[in-house]
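Here is a short report on one strand with its partners, and on the surroundings of a ligand. Please look through the model before reading on.

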Amino acid sequence: MQSPAGSTLVIQNLNKKFKTRENEIIALQDINLNIHQGEFISIVGRSGCGKSTLLRVIAGLENDYEGLVVLGNKQISRPGLDRGMVFQEHRLLPWLKIKDNVAFGLADNLGGEKIRIVQEHINLVGLTGFEKAYPHQLSGGMAQRVAIARALVNRPQVLLLDEPFGALDALTRIQMQQEILRIWEAEKTTMILVTHDIDEAVYLGDRVVVMSSRPGTVKKIVPVALARPRDRSSYDFIQIRKAIYSEFFADAEKPFAYAI
Ligand SMILES: Nc1ncnc2c1ncn2[C@@H]1O[C@H](COP(=O)(O)OP(=O)(O)O)[C@@H](O)[C@H]1O
Ligand SMILES: [Mg+2]
């Protein structure tokens, strides 16, 4: 199929069910989303609403789905080098040095190029000098930078980030948000970031996709037309955050008050 002009990832009428022995879970229902090349998309939603499932479908890790999920005119049915993924845990191999972790998924036929490419990506994530360190010698934020370098080393068109900063402390998290923006501006990779932090979603995204649960659907897509770097305390930023908060709680029974 032909993608709409300027659109790299096309998702149309996507449905994904999980069949267990007792019942059937509709994880994703009728998802429609066009993501443009170089766009930064944030996805927010409650736990269990299907965010990871959506990323796994795009990654090619879940291929038993209905609908169209097309990247560069090709239906996604398996993992490929055109997509990289970063998870909440870094998933580095503890017995390999940082440079070897980054090199792990890189094609073997690159010869001397391989060393240069690995070094370039270690530099890109700000870890020059740590090539020979092992994962246990790094802080959580540094290990996550290695995971980002490893996901980018094959020059994917799309980087999928599944709550990548969820396990980091608040200050490191803010630092990593700035870092991922710097990388995005330098590399122009399409970014799809799942987070349950609304502030993070608005700070980073060109658009914020708000999902609702049971079944997992796209409830609203909120554009963030604010210039970068963004000021989290500006009136406009707070208004957008507020709009997303109210989407989040519109269908809940207002279980608690929230301050914004
Ligand atoms: N492999 C699986 N088998 C059965 N159910 C699953 C599987 N993976 C996810 N689910 C279910 O699908 C729904 C969406 O899960 P998930 O995508 O992990 O949500 P989120 O990432 O938004 O927290 C949940 O109800 C979850 O229990
Ligand atoms: Mg998840």
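## A covered strand and a ligand shell

Strand 7, residues 158-162, is mostly covered: 5 of its 5 residues are buried. This is a predicted model. Cover comes on both faces of strand 7. One side carries Val158, Leu160 and Asp162, the other Leu159 and Leu161, and all are buried.

Strand 7 has partners in strand 6 and strand 8. The table sets out the two pairings.

| Partner of strand 7 | Residues | Sense | Bridges | Residues standing opposite |
|---|---|---|---|---|
| Strand 6 | 83-86 | parallel | 4 bridges | Gly84 and Leu159 |
| Strand 8 | 190-194 | parallel | 5 bridges | Leu160 and Ile192 |

Leu160 stands opposite Ile192 in strand 8.

Now to the ligand. Which residues come nearest to ligand 1? Of the 13 residues around it, these are Phe18, Ala27, Lys51, Ser52 and Thr53. Strand 2 (24-36) and helix 1 (51-59) are the elements that give two or more residues to the shell around ligand 1. Helix 1 gives the most, with 3 residues. By class, the shell has 8 polar residues, 4 nonpolar and 1 charged.

Note on methods:
Residues are numbered from 1 along each chain as its sequence is written. Chains are lettered from A and ligands numbered from 1 in the order in which they are written. This is a predicted model: local features need pLDDT of at least 70, side-chain atom pairs count only at pLDDT 80 or more; totals for chains, interfaces and linings use all residues. A residue is near a molecule or strand if its C-beta atom, placed from the backbone, lies within 6 Å of it. Ala, Val, Leu, Ile, Met, Phe, Trp, Tyr, Cys and Pro count as nonpolar, Asp, Glu, Lys and Arg as charged, and the others, Gly among them, as polar. A residue is buried if 20 or more other C-beta atoms lie within 10 Å of its own, exposed if 12 or fewer, and partly exposed in between; C-beta atoms are placed from the backbone. Two strands pair if DSSP finds at least two bridges between them.
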